[in-house]
Amino acid sequence: MHIHPSSPNSSQSEDDAATKIQAGFRGYRVRQQLRQGGKGGGTMANGGPMTGSASGAAVSGRNATGAVAGSSGTVEDKSATKIQANVRGFLARKKQKMASDAATKIQASFRGFKTRKELKTIKKDK
């Protein structure tokens, strides 16, 4: 879905784009830290502490099963991890889209109700 920059919802699309860019960069940074053996002590590039679910993996270098990530693992383990990450990303995007669609539906319903109410008052005034 393309939203024109001058439309009322353009700030939402800008926020979504900024979030996507930030998520991509944070993922890149965590992967780089894991390749370097977890150096950096769990701090972000600007010196602040990392927060969220990625911080534990970056600091300890371990994945959810407790195995050391990146250093030694079979192709099957790495493939399974990649598939899991893709599925989780897909599910998160799907959940966000459902919430966004629900909000849009609520907004449209309210705007319709408000417009119909205003039209009734205009007809009564005539």
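The following paragraphs lead the reader through a predicted model of one protein chain, from its overall layout to its side-chain pairs.

In this predicted model, local features need a pLDDT of at least 70 and side-chain atom pairs count only at pLDDT 80 or more, whereas totals for chains, interfaces and linings use all residues. Residues are numbered from 1 along each chain as its sequence is written, and side-chain values use heavy atoms, with hydrogens and water left out.

The chain contains 3 helices and 0 strands, where helices (H or I, at least four residues) and strands (E, at least two) are DSSP runs numbered from the N terminus. Read along the sequence, the pattern is α-α-α. Of the 126 residues in the chain, 10% are buried; buried means under 20% relative accessible area, exposed means over 50%, and partly exposed lies in between (1.4 Å probe, protein chains only). The accessible surface of the chain comes to about 10,500 Å², and carbon and sulfur atoms account for 60% of that surface. Such areas come from the Shrake-Rupley method with a 1.4 Å probe, and for residues only the protein chains shown count as cover. Among contacts with a separation of 6 or more, 17% join residues 24 or more positions apart, a contact being heavy atoms within 4.5 Å.

Confidence is described by pLDDT, the predictor's confidence in each residue, from 0 to 100. The chain averages 76, and 64% of the residues score at least 70. Helix H3 has the highest mean pLDDT among the elements (93), while helix H2 (residues 53-60) has the lowest (43). Over residues 49-60 pLDDT stays under 50, and the model has 20 contacts beyond four places in sequence for these residues. Where pLDDT is low, the predicted coordinates should not be read in detail.

A search of the whole structure finds 2 aromatic pairs. One is formed by Phe25 and Tyr28, which are tilted, at 6.4 Å centre to centre and 35 degrees between the planes. Rings of Phe, Tyr and Trp (its six-membered ring) pair if their centres lie within 6.5 Å; planes under 30 degrees apart count as stacked, over 60 as edge-to-face and the rest as tilted. Because Phe25 and Tyr28 are 3 residues apart in helix H1 (residues 10-35), about one helical turn separates them. Phe25 is partly exposed at 43% relative accessibility, and Tyr28 is partly exposed at 44%. Phe110 and Phe113 also form a tilted aromatic pair, with 6.3 Å centre to centre and 40 degrees between the planes. These two residues are 3 apart in helix H3 (residues 75-125), so about one helical turn lies between them. Phe110 is exposed, with a relative accessible area of 51%, whereas Phe113 is partly exposed at 45%.

Helix H3 also holds Asp101 and Lys97, which lie 4 residues apart, about one turn of the helix. Their side chains meet in a salt bridge (3.1 Å, N to O), and the structure holds 1 salt bridge. The term denotes a side-chain nitrogen of Lys or Arg within 4 Å of a carboxyl oxygen of Asp or Glu. Asp101 is partly exposed, at 40% relative accessibility.

On the surface, Ile83, Val87, Phe90 and Leu91 form a nonpolar patch with about 380 Å² of accessible area together. Patches are made of residues with over 30% relative accessible area and no salt bridge: like charges are joined within 9 Å, and nonpolar side chains (Val, Leu, Ile, Met, Phe, Trp, Tyr) within 5 Å. Ile83 is found in helix H3 and is exposed, with a relative accessible area of 54%.
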